[in-house]
Amino acid sequence: WSLYELLNVGPASNPDNTESNLYTYDIFNRHCFGSFFNILKELIYSPKTGEQFMYDQSASTRMHWDSSGELIYPNEEFGREIMQLFTIGLNELNEDGTETLDEFDRTMKNYDRFDVMSNARLFTGFSYATRRGNNEELFRSETSSLDPMRIEIDKHDFFPKSTLNQGWIGDRYPLCVDLPKHHFLKVGAKFHFRGGMAKPLVHHQPDHWDSDESIKRFVLSPGSSLYEKLCAP
């Protein structure tokens, strides 16, 4: 209850929609004695949070430019509020909770507008899941106000995003070119079967790929080491 009172998830468009409100409350029930990261992750995917902070349906600048020729930037509301309301706050703090001051006795800001813009690009591509039965809806809609949102790849900004410490998100992860040779054959490597068709339903493939000869599909050669490991009897 304390988390529900402290964290702003907003009334959204239907404050009387009991089931969606309880769904949000359940997030705090599941994680109140666990990780704040897990709370924040579920809230980010929540339709209620997406509507309140207006990053639902937010798309990358690249997508707007490619589709309409217009220079439209992602919505920055949640890019700012995730820092100001949910995590680090406006100003740097000392261990005792007092504000950190610089040499001129001025408060020191935790972030600037460039950090907000970088965050805004993170929260692009989120869209509502399809409405399903057996849950409360106070108005007719084709989308769900209850189920977690999904990310549409074409609308998501896939360019690098900066961190608050002058680095880049993902810096700790190795690049594919830096991995050892045949790392996919090492003990402990995992492979996920995503479908047996050339165009599985769980994959996204733009229609223009069919006529684009530069698009190459990965096909396992029966004589390869990986084929032998995965498919040989």
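Student: Which residues form a nonpolar patch on the surface?
Tutor: W65, L71 and Y73 do, with about 390 Å² of accessible area together. Patch members have over 30% relative accessible area and no salt bridge, and nonpolar side chains (Val, Leu, Ile, Met, Phe, Trp, Tyr) are joined within 5 Å. The areas come from the Shrake-Rupley method with a 1.4 Å probe, where only the protein chains shown count as cover for residues. This is a predicted model: local features need pLDDT of at least 70, side-chain atom pairs count only at pLDDT 80 or more, and totals for chains, interfaces and linings use all residues. Residues are numbered from 1 along each chain as its sequence is written, and side-chain values use heavy atoms, leaving out hydrogens and water.

Student: Where is W65 found?
Tutor: In helix α5, residues 61–68. Helices here are DSSP runs of H or I with at least four residues, strands are E runs of at least two, and both are numbered from the N terminus.

Student: And which residue does D66 form a salt bridge with?
Tutor: R62, with the closest N and O atoms 3.7 Å apart. The rule wants a side-chain nitrogen of Lys or Arg within 4 Å of a carboxyl oxygen of Asp or Glu. D66 and R62 are separated by about one helical turn because they are four residues apart in helix α5.

Student: How many salt bridges does that rule give?
Tutor: The count comes to eight.

Student: New topic: how many aromatic pairs are there?
Tutor: Nine. Rings of Phe, Tyr and Trp (its six-membered ring) pair if their centres lie within 6.5 Å; planes under 30 degrees apart are stacked, over 60 edge-to-face, the rest tilted. One of the pairs is Y45 with F126, edge-to-face at 5.3 Å centre to centre and 65 degrees between the planes. Y45 sits in helix α3 and F126 in strand β1 (residues 126–127), 81 residues apart.

Methods
Patch = residues over 30% accessible without salt bridge, like charges linked within 9 Å, V, L, I, M, F, W, Y side chains within 5 Å.
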